[in-house]
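Biologist: I am new to this structure. Please take one part of it and walk me through it closely.

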Amino acid sequence: MDNCIFCRIIRGEIPSVKVYEDDDMLIIKDVNPQAEIHLLLLPKEHYANIVEMSDAQARTLAACIKKLSGMVDELGLKDGFRLVSNKGANACQSVEHLHIHILGGKPLSEKMC
Ligand code: 5GP
Ligand code: ZN
């Protein structure tokens, strides 16, 4: 998607702090962290949200999350973490490219959006 900010990050057109990358996903640091550790798991394939996800995309995303579970130590998440994916503006989704928030450590904010 030409103007999608996360597609542009994935293509390297916009800088980001990359934590992990493979053929299916990119994990970056959130530019506006809401917790001590706030990462974003971005599937490389563009789709807006979990409702628009195809079965094949769901399988790929599940495999990405499974891979994440093996990276807990290197990501500094061994004391626990939350995974959050917002769908729609009413649920605080601001970027229409599916992403999973990975939140660890102390919250830095109580705000929902
Ligand atoms: P949403 O509100 O859609 O669930 O989450 C979007 C997230 O993307 C927000 O936490 C926001 O801080 C983050 N974000 C937006 N633009 C950028 C960017 O250009 N770079 C990075 N690293 N994060 C971004
Ligand atoms: Zn995109």
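A loop residue and the ligand site

Modeller: The side chains of Q34 and S109 make a polar contact at 3.1 Å. Such a contact is a pair of N or O atoms within 3.5 Å; within protein, one must be able to donate a hydrogen and the other to accept it, and residues adjacent in sequence count only if both atoms are side-chain atoms. This is a predicted model, where local features need pLDDT of at least 70, side-chain atom pairs count only at pLDDT 80 or more, and totals for chains, interfaces and linings use all residues. Residues are numbered from 1 along each chain as its sequence is written, chains are lettered from A and ligands numbered from 1 in the order written, and side-chain values use heavy atoms, without hydrogens and water.

Q34 sits in the loop between strand 2 and strand 3 (35-43). Helices (H or I, at least four residues) and strands (E, at least two) are DSSP runs, numbered from the N terminus. The Q34 side chain also reaches the backbone oxygen of N32, at 3.0 Å. Leaving out residues up to four places away in sequence, Q34 touches L103, P107, L108, S109 and K111; touching means heavy atoms within 4.5 Å.

Now the ligand. Ligand 1 is surrounded by 16 residues, with D30, N86, C92, S94 and H101 the closest. A residue counts if one of its heavy atoms lies within 4 Å. Helix 1 gives the largest share of this shell, three residues. Helix 1 (5-10) and strand 2 (25-29) each supply at least two.

Backbone atoms meet the ligand too. A backbone N or O atom of S94 is 2.7 Å from a ligand 1 oxygen. For V95, a backbone N or O atom lies 3.0 Å from an oxygen of ligand 1. A polar backbone atom of V31 is 3.3 Å from a ligand 1 nitrogen.

C92 lies in the loop between strand 4 (81-84) and strand 5 (100-107). C92 is not a glycine, yet has a positive phi of about 80°. Most residues other than glycine have a negative phi.
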